[in-house]
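Biologist: I have not looked at this one before. Can you take me through it piece by piece?

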Amino acid sequence: MNALDERLDRIVSRALELEALLAGGLGGEAFTQASREYAELEGVVSQINALRDAEQEMTQAEQLLADPEMRELAAAELDELKSRLPSLHQAVRLALLPRDVADERSAILEIRPAAGGDEAALFAAELFDLYRRYAELRGWRFTLMDYDESELGGLRCGIAEINGRGVFARFKYESGVHRVQRVPATENQGRIHTSTVTVAVLPEAEEVDVNINETDLRIDVFRASGAGGQHVNKTESAVRITHMPSGIVVSMQEEKSQHKNRAKAMKILRARLYEREREQAHANRAADRRSQVGTGDRSERIRTYNFPQGRVTDHRINLTAYKIDRVMLGEIDEFVDALTQDEQAALLAAEGL
């Protein structure tokens, strides 16, 4: 028996042990902990059982090859099982990988223009729409939290809450600098300009995830500005929350209600603090949220959208697709799937699987 089989045996044995404990009337905190551990193991055990059932069927089919009457049927079954085994093995290996507990959560999306002035702001608005369409394609709810529009219809800052199961697992790869190359509408000589937009995706945090002491907050209220209606000049509805220990500042003015703006700002602050804690807990990731998006310099980028050539290139995995029109309509699963597989391959190698 190899090391992997021994590991699988220990997992199955532990799941059976937990099953017996839960059925035996365990109570209180012990029941909660056992239930949580069993829930984490249940999916792995299911994959292990599927693999071992197939291996057992394969052994039986091999034995039937000696029977002249059953040889043809057994050979066909053997071929089918042999074709299934690699995917079953892979499913078990993936199930053994350490899970990011945030993957199943909803997410908060933040988009800001970086280098490129008005053109960067215009592309920021288009990128915001791209993610709204992607959320719709996946059946997730996309809720606007803040949208600061520029005079030319671009986006100075856009924040949205995306609700659904597994949102963060799909959106987390979008964090970073996105570069656009195209001829701006205001360009008279047909020159291609390069601009950048920063994207940050944070897993949504619950109150139990982050302990925020009210005494650590400085809350300022002020009159909202921008094209939000006449009320913005008459009422102090905008809210700015400063978390003094971390220096994180969140401003919100989208709603007419000061109470609603405060609630939204607290949700964003909680998400930023939660992500900060997650990054500090993982040595292989940056210790500061700002590293997600870098400085916004044109040389830093995770993905390039080249409109003249109709291509989109993800520089992390060297994947290029010549369908920029479809991508801008939210069809980015090809990139997300490839990035997911790349991360899984790296984790498998690190885990020796």
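Biologist: Which side chain has a polar atom 3.4 Å from the backbone oxygen of Leu 144?

Modeller: The side chain of Lys 264. Keep in mind that this is a predicted model.

Biologist: Where does Lys 264 lie?

Modeller: In helix α6, which covers residues 258-281.

Biologist: Is Lys 264 buried or exposed?

Modeller: Its relative accessibility is 14%, so Lys 264 counts as buried; the cut-off for buried is under 20%.

Biologist: What does Lys 264 touch, leaving out residues up to four places away in sequence?

Modeller: Leu 144, Met 145, Met 252, Glu 254 and Glu 255.

Biologist: Let's go to the strands. What does β2 pair with?

Modeller: Strand β2, residues 141-149, pairs with β3 over eight bridges, in the antiparallel sense. One of the facing pairs is Asp 148 opposite Cys 157 in β3.

Biologist: How many residues sit between β2 and β3 in the hairpin?

Modeller: Five residues lie between the two strands of that hairpin, and Gly 153 in the turn has a positive phi of about 90°.

Biologist: And what joins β1 to β3?

Modeller: Five bridges join strand β1, residues 107-113, to β3, and the two run antiparallel. Leu 109 has Ala 160 in β3 as its bridge partner.

Biologist: Why is β3 described as largely enclosed?

Modeller: Because eight of the nine residues of β3, which spans 155-163, are buried.

Biologist: New topic, the core. Which residues have the most contacts inside the largest nonpolar core?

Modeller: That core has 58 residues, and the ones with the most contacts inside it are Ile 111, Leu 127, Tyr 131, Leu 269 and Tyr 305. Helix α4, residues 117-138, gives the most to this core, with nine residues. Apart from it there is another core, of 21 residues, including Leu 41, Ala 54, Ala 61 and Leu 78.

Biologist: Which residues of α4 are buried?

Modeller: Among them are Phe 123, Leu 127, Phe 128, Leu 130, Tyr 131 and Tyr 134, along with several alanines such as Ala 120 and Ala 135.

Biologist: How far does α4 reach from its first C-alpha to its last?

Modeller: It has 22 residues and reaches 32 Å, close to the 32 Å expected at 1.5 Å a residue. Just after α4, Gly 139 takes a positive phi of about 80°.

Biologist: Back to Leu 269. What is it in contact with, beyond neighbours within four places in sequence?

Modeller: Ile 212, Leu 217, Ile 241, His 243, Ile 248 and Val 250. Leu 217 also stands opposite His 243 in β7.

Biologist: What is the strand order in the sheet with β7?

Modeller: The order is β6-β7-β8, an open sheet of three strands with antiparallel pairing. The edge strands are β6, 217-222, and β8, 248-252, each pairing on one side only. Neighbouring strands are turned by 15° against each other on average, direction ignored. Six bridges pair β6 with β7, residues 238-243.

Biologist: Next is Thr 304. Buried or exposed?

Modeller: Thr 304 is buried, with a relative accessible area of 0%. It is found in strand β9, residues 303-306.

Biologist: Which side chain makes a polar contact with the side chain of Thr 304?

Modeller: That of Arg 179, at 3.0 Å. Leaving aside neighbours within four places in sequence, Thr 304 is in contact with Arg 179, Gln 181, Arg 311, Val 312, Thr 313 and His 315. The C-alpha atoms of Thr 304 and Val 177 are separated by 9.0 Å, though the residues are 127 apart along the chain.

Biologist: And Ile 332, where does it lie?

Modeller: In the loop between α7, 324-328, and α8, 333-351. Ile 332 is buried, at 2% relative accessible area. Its contacts, with neighbours within four places in sequence left aside, are Leu 130, Tyr 131, Tyr 134, Glu 174 and Val 327.

Biologist: Last one. Which residue has a positive phi although it is not a glycine?

Modeller: Asn 318, with a phi of about 55°. Most residues other than glycine have a negative phi. Asn 318 lies in the loop between β10, 311-314, and β11, 319-321, and is exposed, with a relative accessible area of 68%.

Methods
Residues are numbered from 1 along each chain as its sequence is written. This is a predicted model: local features need pLDDT of at least 70, side-chain atom pairs count only at pLDDT 80 or more; totals for chains, interfaces and linings use all residues. Side-chain values use heavy atoms; hydrogens and water are left out. Buried means under 20% relative accessible area, exposed over 50%, partly exposed in between (1.4 Å probe, protein chains only). Helices (H or I, at least four residues) and strands (E, at least two) are DSSP runs, numbered from the N terminus. Two strands pair if DSSP finds at least two bridges between them. A polar contact is a pair of N or O atoms within 3.5 Å; within protein, one must be able to donate a hydrogen and the other to accept it, and residues adjacent in sequence count only if both atoms are side-chain atoms. Contact means heavy atoms within 4.5 Å. A nonpolar core is a set of buried Ala, Val, Leu, Ile, Met, Phe, Trp, Tyr and Cys residues joined through side-chain atoms within 4.5 Å. Axes are lines fitted to C-alpha atoms, for helices over the stretch in contact, and angles run from 0 to 180 degrees between N-to-C directions. The expected span of a helix is 1.5 Å times one less than its number of residues.
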